[in-house]
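Please find below my note on this model, arranged as numbered points. Each point takes up one part of the fold or one kind of side-chain arrangement.

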Amino acid sequence: MIHPPSLAAPSDPPPIPGARADETGMPRRPMLLWVRTGTAHIHLDDAAPYRLGRGQGIWIPADGWRDRVIATEPGTVAFPLSPQATIGSGAPSTPTGFEVPDDWQDWLIQHFNLQVTPYSAHGYPGSAIADLLRPARRHRHETDPATTLSPPPVPKARGARALAEELLRDPALDLTVEQWGTRVLCSARSLRRAFVADTGLTFEQWRLGCRLGAAVELLAAGYDVDQVATRVGFASRNGLTRAFKQRFGQTPREFGREVRSQVTAGDPSTLGERATAARQTDAMVSMVGPGVARAAPDLLPATRTPPHANDAHVLTWVYRGSGYLDIGDRRYERERGVATWIPAGADHVTVLRENSVSLPLGNAGPGDLQLTAPLQVRFSPSWDDYLMFCSVSARSRLRPDGYDSRHILGLFAEQVAAQRALSVPMPTDPRARAAAMDYLRTIGTSGGSPALGVPSEVHRAFRDETDMTFSRWRYAARMRVARDLLVGGAKPSAVARRVGYAHLPTFSAAFSRFHGLSPREYQEREAERA
């Protein structure tokens, strides 16, 4: 079995850019979108957009809209899923928001993988997503990006925090910022600045969100609109109605009637965890607090692809657990964090063991990558979110502006070079180090040909800092990469090609000069030591 290198490459991931998917004019199909981290906005026709934060999702049926646009903010990882038709009548007929419990997230990530790869054994019931949607609560519309769909965050600054906590207890308190400043011993200017800095909202926007959140609770508890307006600080019923409809897309009366009928019908999915103090009951519907979450399906069955070959090189990454890749009589182990290029045209089977998750990261054509055998590198856990973003960009319409599918080639090459740099002496001179990294990137993908046009200063830096000429250093790098591949179990003939030798005898002679043993002898010795 061939194992990937044991050391993680030390580089950090780049920032995640914003992304967009415009499905205007596309065939309409249902979609389930959920956000792992960051913020996503969903625009349906001319209606106010939906806003999803971390751990939130939305179900959008195939009917009831003409144009659909998804936009994510920088730093966001959002997964668009196309659920199976077997959801059937269990799915809502209108756009419906829901929370994604932590124990569902890896299951949904694997669901995305199963949608876009040829794994044949899905191993989950078709009704599972419908089960996730049953406790769903409709997300409200937003009319201003500065507003939020959940209880507004409490500012961190001491005076502003004290103000916010008092308003959360009694949203009907009707004091000016100046009056609040006297009450919490803080200037009005500092309070305003703290709200914007810590919550992204002005004081007035924050207070409105607080009052509307309280209104939701009281309406769900059975109070009429006039009572709610008074209790949460609106001067009139009309003021509450205007603000509520602008924020949530329906009037307070419509909302109250809807949720009370659900409670009367005994639907447990409408009950939340926030107590309604006015009613002193735990049986209430909350659109601003956490909902009742169902347990996720059993995670995660083993699965495999049928024997097949790809037209392009495919890069696949193991996010969780482990698996392996079989090509001919060779097995390449795939562990947590390992990304593997599968060569184009190679008949292979890919297997994921139980409780394992993988994702495809992208493709490359033979013109972009010269590859005859699998090439592997390990990414550290700090790359998880970025690599998930790469997978979504590669396998869906949700992509950043100017998306270039070949960017994954550069990322992989950088990780390979950083990892290989751990096993060879590296110069510290910036120009010499850059030349060394350029060379390390090429080994195994373009034959490791010597770099041309290296200035004399670089050659001098190599001699001074590594005690080797640049030519000798390149030879040492190739032989150490070859050594690692042989220890992993690769055939000498395959290793020869990987490090840029056209003929096995030439490679064997070079390897013997460097290591004192032939490739076969070296491999046998290391196997005995293991």
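**Notes on the predicted model**

1. Buried stands for under 20% relative accessible area, exposed for over 50%, and partly exposed for what lies in between, with a 1.4 Å probe and protein chains only.

2. On the basis of the values, this is a predicted model in which local features need pLDDT of at least 70 and side-chain atom pairs count only at pLDDT 80 or more, whereas totals for chains, interfaces and linings use all residues. Residues are numbered from 1 along each chain as its sequence is written, and side-chain values use heavy atoms, with hydrogens and water left out.

3. As to the chain overall, 17 helices and 16 strands are assigned, and 52% of its 530 residues count as buried. Of the contacts (heavy atoms within 4.5 Å) between residues at least 6 apart in sequence, 73% join residues at least 24 apart.

4. Thr-316, in strand 10 (residues 313–320), counts as buried because its relative accessibility is 8%. Beyond its neighbours within four places in sequence, Thr-316 is in contact with several residues, including Val-338, Thr-340, Ile-342 and Leu-361. Its side chain also joins that of Arg-334 through a polar contact of 2.9 Å, a term that stands for a pair of N or O atoms within 3.5 Å, where within protein one must be able to donate a hydrogen and the other to accept it, and where residues adjacent in sequence count only if both atoms are side-chain atoms.

5. Glu-333 belongs to strand 12 (residues 330–334) and counts as buried, because its relative accessibility is 7%. The side chain of this glutamate, Glu-333, has a polar contact of 3.2 Å with the side chain of Arg-353.

6. What is the count of aromatic pairs? It comes to 18, where rings of Phe, Tyr and Trp (its six-membered ring) pair if their centres lie within 6.5 Å, and planes under 30 degrees apart count as stacked, over 60 as edge-to-face and the rest as tilted. Trp-34 and Phe-79 form a stacked pair, at 5.4 Å centre to centre and 15° between the planes. Trp-34 lies in strand 2 (residues 31–37) and Phe-79 in strand 7 (residues 77–81), so the pair ties together parts that are 45 residues apart in sequence; both residues, Trp-34 and Phe-79, are buried.

7. Two loop residues deserve a look at the backbone. Leu-185, in the loop between helix 4 (177–184) and helix 5 (188–199), has a positive phi of about 60° although it is not a glycine, and Leu-185 is exposed, with a relative accessible area of 79%. Asp-467, in the loop between helix 13 (456–466) and helix 14 (470–487), also has a positive phi, near 60°, and Asp-467 is exposed at 70%.

Definitions and conventions:
Helix = DSSP H or I, 4+ residues; strand = E, 2+ residues; numbered from the N terminus.
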